[in-house]
Amino acid sequence: MSDETAVLPASSPSPSSSRPVRGEEGEGPGDKAAGRRQVWRSRRYRWDLRWSPYAFVAPFFLFFAAFGLFPLLYTGWAALHQVELTDPDDMTWVGLRNFTRLWGDEFFWNALRNTFTIGLLSTVPQLLIALGLAHLLNYRMRASAFFRVAVLTPYATSVAAATLVFVLLFGRDYGMVNWALSAVGFDAVDWQNGSFASQLAVSTIVIWRWTGYNALIYLAAMQAVPAELYESAALDGASRWQQFLHVTVPSLRPTIFFTCVVSTIGATQLFGEPLLFNGGAGATGGSDHQFQTLGLYLYEQGWVNLHLGRASAIAWAMFLILLLIGGAARLLRGRGDSR
């Protein structure tokens with residue numbers, strides 16, 4: 001080998017110069033495919049970011065349209081017709097006659113009065129007792145988890161089972177309630193046939209079933225009240241009762257408003273308890289309609305008397321009453337917040 005270094009000719013290309021440089025002579029097939037995949041992934045990401053929330057909430061709207069909106073609209077359409085349960089396809093247009101008949105229907109107004117009375121007798125004591133129970137459960141005590149589950153047990157109980165038990169308790173001849181009244185010198189009460197007595201008995205069932213549910217709602221709201229408020233009140237010399245009145249209750253005002261509205265709506269739709277309280281009377285709500293609610297009257301017209309048009313008008317009347325209650329509650333809340 002000679003000592004001179006061999007020099008490659010200037011015209012001979014280097015091995016790496018045969019490869020195309022990206023951006024200078026274009027991209028190869030593999031680079032183009034990778035770029036297309038990157039564009040497609042970016043596009044899918046934008047679509048996912050934009051449309052995924054709608055896809056997640058779509059099942060709710062589909063079920064609501066099928067089982068909520070459509071029955072509501074169809075009921076409103078049926079309320080404008082004379083239609084019987086025996087032939088629901090035979091619909092005769094009557095306009096607002098089914099609604100105007102309600103105005104002069106004494107049974108409708110009787111059911112409305114009974115609904116209002118039972119709702120008042122059940123809602124006010126129920127929420128007051130629930131507030132007191134929540135206040136007791138809010139303090140540290142032994143087996144607090146057990147008591148919180150125990151107050152919710154009536155809510156988990158079947159309405160049929162609970163009502164049948166209360167029918168036995170309010171029995172005229174052998175009921176435990178009349179036995180307790182006679183033990184303290186009072187006469188026996190005919191709970192099923194008396195007007196106010198039957199409404200009070202039905203209200204007792206509602207109170208028993210829903211008090212624990214509302215108590216847990218109040219308890220959750222109480223645990224969100226800052227402890228500093230109670231400490232400041234205690235430093236000012238406030239007793240526990242004063243702390244409850246001036247700290248707890250004002251802090252629970254939105255929750256109390258919510259439970260009042262929900263309980264009122266539930267009382268307007270009351271059906272199972274009065275239906276089963278006097279099983280022999282059925283949908284009439286007693287021998288003299290003394291505890292027939294709007295829900296029972298709707299059931300009687302539609303499924304006993306087979307007048308689907310009238311029942312639909314009653315259903316829409318209940319819906320309008322609930323709208324009025326909701327509007328009045330919203331107005332009262334707006335005035336309370338503005339003060």
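Let's start with leucine 306, which counts as partly exposed because its relative accessibility is 28%. This is a predicted model, by the way. Leucine 306 sits in the loop between H12 and helix H13, residues 308-338. Phi of leucine 306 is positive, near 70°, and the residue is not a glycine. Most residues other than glycine have a negative phi.

There is another case. Histidine 289 is not a glycine, yet its phi is positive, about 55°. Where is histidine 289 placed? It is in the loop between helix H11, 272-277, and helix H12, 294-304. Buried or exposed? Histidine 289 counts as buried, because its relative accessibility is 16% and the cut-off for buried is under 20%.

Now the strands. E1 covers residues 81-84. Its partner E2 covers residues 87-93. The two run antiparallel, joined by 3 bridges. They form a hairpin, with 2 residues between them. Glutamine 82 stands opposite threonine 92 in E2.

Look at the side chains along E1. They alternate. His81 and Val83 point to one face, and they are buried.

Last, charge. Which residues form the positive surface patch? Arg36, Arg37, Arg41 and Arg44. Take arginine 44. It lies in helix H1, residues 29-78. Arginine 44 counts as partly exposed because its relative accessibility is 44%.

Conventions. Residues numbered from 1 in each chain as written. Predicted model: local features only at pLDDT ≥ 70, side-chain atom pairs only at ≥ 80, totals over all residues. Heavy atoms only, no water. Helix = DSSP H or I, 4+ residues; strand = E, 2+ residues; numbered from the N terminus. Buried < 20%, exposed > 50% of the residue type's maximum accessible area, 1.4 Å probe, protein only. Patch = residues over 30% accessible without salt bridge, like charges linked within 9 Å, V, L, I, M, F, W, Y side chains within 5 Å. Areas by Shrake-Rupley, 256 points an atom, 1.4 Å probe, with all protein chains shown as cover. Salt bridge = Lys/Arg side-chain N within 4 Å of Asp/Glu carboxyl O. Lys, Arg positive; Asp, Glu negative; His and termini not counted. Charge placed at Lys NZ, Arg CZ, Asp CG, Glu CD. Pairing = 2+ DSSP bridges.
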